Amino acid sequence: MLTLVARRLLVSIPVLLLSSVLVFVMVANSGDPLAELKGRNPPVPAGVIEARRHQLHLDRPLPERYWHWIRHFARGDMGQSIKGIDVGPLLIRRAAVTLRMVVLAIVLAVLLAVGSGVLSAVRQYTISDYALTFAGFLFLSMPAFWLAAILKEFGAIRLNQLLGRQWVFVVGDQSPNLTGPLGHRLADYGGHLLLPTIAIALAAYAGWSRFQRAAMLEVLGSDYLRMARAKGLPRWRVTILHALRNALAPLVTVVAIEAAAILGGVFVVEVVFSWHGMGELFVQGVRASDANVVLACLMVSSVIVVLFNLLADVLYGVLDPRVRAG
């Protein structure tokens with residue numbers, strides 16, 4: 001398993017380097033970071049603008065700027081924003097907020113996909129199969145941001161009225177000036193997490209459940225499962241211990257591949273719920289043509305996607321010993 005992880009890490013390094021080059025070139029040509037400074041009234045002295053240009057290394061050739069940026073980024077130095085704020089600590093705080101939602105949404109989506117996929121396969125062409133198929137296609141057709149808006153408009157208000165107090169929040173990732181015992185703070189985090197996590201999870205689970213159903217049906221029709229049933233093994237044991245383990249391997253790969261799409265969906269959902277995460281920081285950086293902020297967000301997103309793929313390879317090796325042997 002360690003050899004498998006080492007091989008995947010070696011492959012990931014050139015992928016990240018290529019991504020960094022493409023991202024840097026796109027961001028460097030997407031706007032002028034000094035546009036806001038140049039457009040002030042009264043005009044800013046030319047010497048101040050030139051000093052700022054030098055501070056942001058905009059007076060250097062593009063290859064030199066890239067080499068300076070990637071060397072510092074590899075050491076954890078993400079530079080400064082156009083406002084002179086260190087990007088690294090700012091991004092770490094925002095990434096912690098975003099990953100809180102991403103991890104919970106993926107776990108919830110996988111649980112829903114596996115449960116509904118297995119049930120649909122085991123009860124193929126029954127009422128439950130048709131109902132789960134309808135639900136899957138329904139949520140698959142809903143964009144995450146639209147589903148988030150619907151949940152925000154109708155789910156939170158009516159649920160809070162039913163409960164008699166505000167348990168589900170629709171603005172922010174936590175209440176302002178949150179203090180108190182640990183249980184109170186966790187309940188507040190949960191109330192803010194509920195709707196955005198459900199919106200992301202439902203949008204992701206819909207496609208994964210159909211994939212899990214197809215994989216489960218293929219495994220259930222295999223010869224070795226027929227042999228296991230012929231030996232008189234209990235149905236639950238054949239389904240859970242034998243069929244499900246083999247049917248999970250393809251789903252793990254799909255989840256890892258779609259991690260980038262999930263992260264993009266989270267950025268949009270953050271805007272809907274006014275979360276102060278990476279999504280808000282990225283949008284602010286794009287609007288201000290803040291190159292270091294945009295570069296940091298995109299590169300950290302790339303690293304997260306690579307880590308998800310590495311985790312998928314490890315889980316694939318756990319589920320299928322042939323991968324470790326290869």
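Serine 274 is partly exposed, with a relative accessible area of 31% (buried means under 20%, exposed over 50%, and partly exposed in between, for a 1.4 Å probe and protein chains only). The residue belongs to a predicted model, in which local features need pLDDT of at least 70 and side-chain atom pairs count only at pLDDT 80 or more, while totals for chains, interfaces and linings use all residues. Residues are numbered from 1 along each chain as its sequence is written, and side-chain values use heavy atoms, with hydrogens and water left out. Serine 274 is placed in the loop between α11 (259–273) and α12 (278–287), where helices (H or I, at least four residues) and strands (E, at least two) are DSSP runs numbered from the N terminus. Its phi is near 55°, a positive value in a residue other than glycine.

Tyrosine 125 likewise has a positive phi, near 65°, and is not glycine. Most residues other than glycine have a negative phi. Tyrosine 125 is located in the loop between α5 (87–122) and α6 (127–140), and this residue is exposed, its relative accessible area being 57%.

The protein contains 14 helices and 0 strands. Its C-alpha atoms fill a box of roughly 85 × 55 × 40 Å along the principal axes. Of the 326 residues, 42% count as buried. The accessible surface comes to about 17900 Å², and 67% of this area belongs to carbon and sulfur atoms, areas being computed by the Shrake-Rupley method with a 1.4 Å probe and, for residues, with only the protein chains shown as cover. Among contacts (heavy atoms within 4.5 Å) between residues at least 6 apart in sequence, 73% join residues at least 24 apart.

Serine 81 is in the loop between α4 and α5 and is buried, with a relative accessible area of 6%. Neighbours within four places in sequence aside, serine 81 is in contact with Arg52, Val87, Asp290 and Val293.

The largest nonpolar core has 73 residues, and those with the most contacts inside it are Trp69, Leu91, Phe139, Ile200, Tyr205, Trp208 and Met216. A nonpolar core is a set of buried Ala, Val, Leu, Ile, Met, Phe, Trp, Tyr and Cys residues joined through side-chain atoms within 4.5 Å. Apart from this core lies another, of 7 residues, including Leu34, Leu37, Ile49 and Ile82. Within four places in sequence excluded, the contacts of phenylalanine 139 are Leu147, Leu202, Ala203, Tyr205 and Ala206.

Aromatic rings of Phe, Tyr and Trp (its six-membered ring) pair if their centres lie within 6.5 Å; planes under 30 degrees apart count as stacked, over 60 as edge-to-face and the rest as tilted. By this rule the count comes to 6 aromatic pairs. The rings of tyrosine 66 and tryptophan 69 have centres 6.1 Å apart and planes at 50°, so this pair is tilted. Both residues lie in helix α4 (residues 62–74), 3 residues apart, about one turn of the helix. Tyrosine 66 is buried at a relative accessible area of 16%, and tryptophan 69 is buried at 6%. Ring pairs link Phe24, Tyr66, Trp69 and Phe73 into a cluster.
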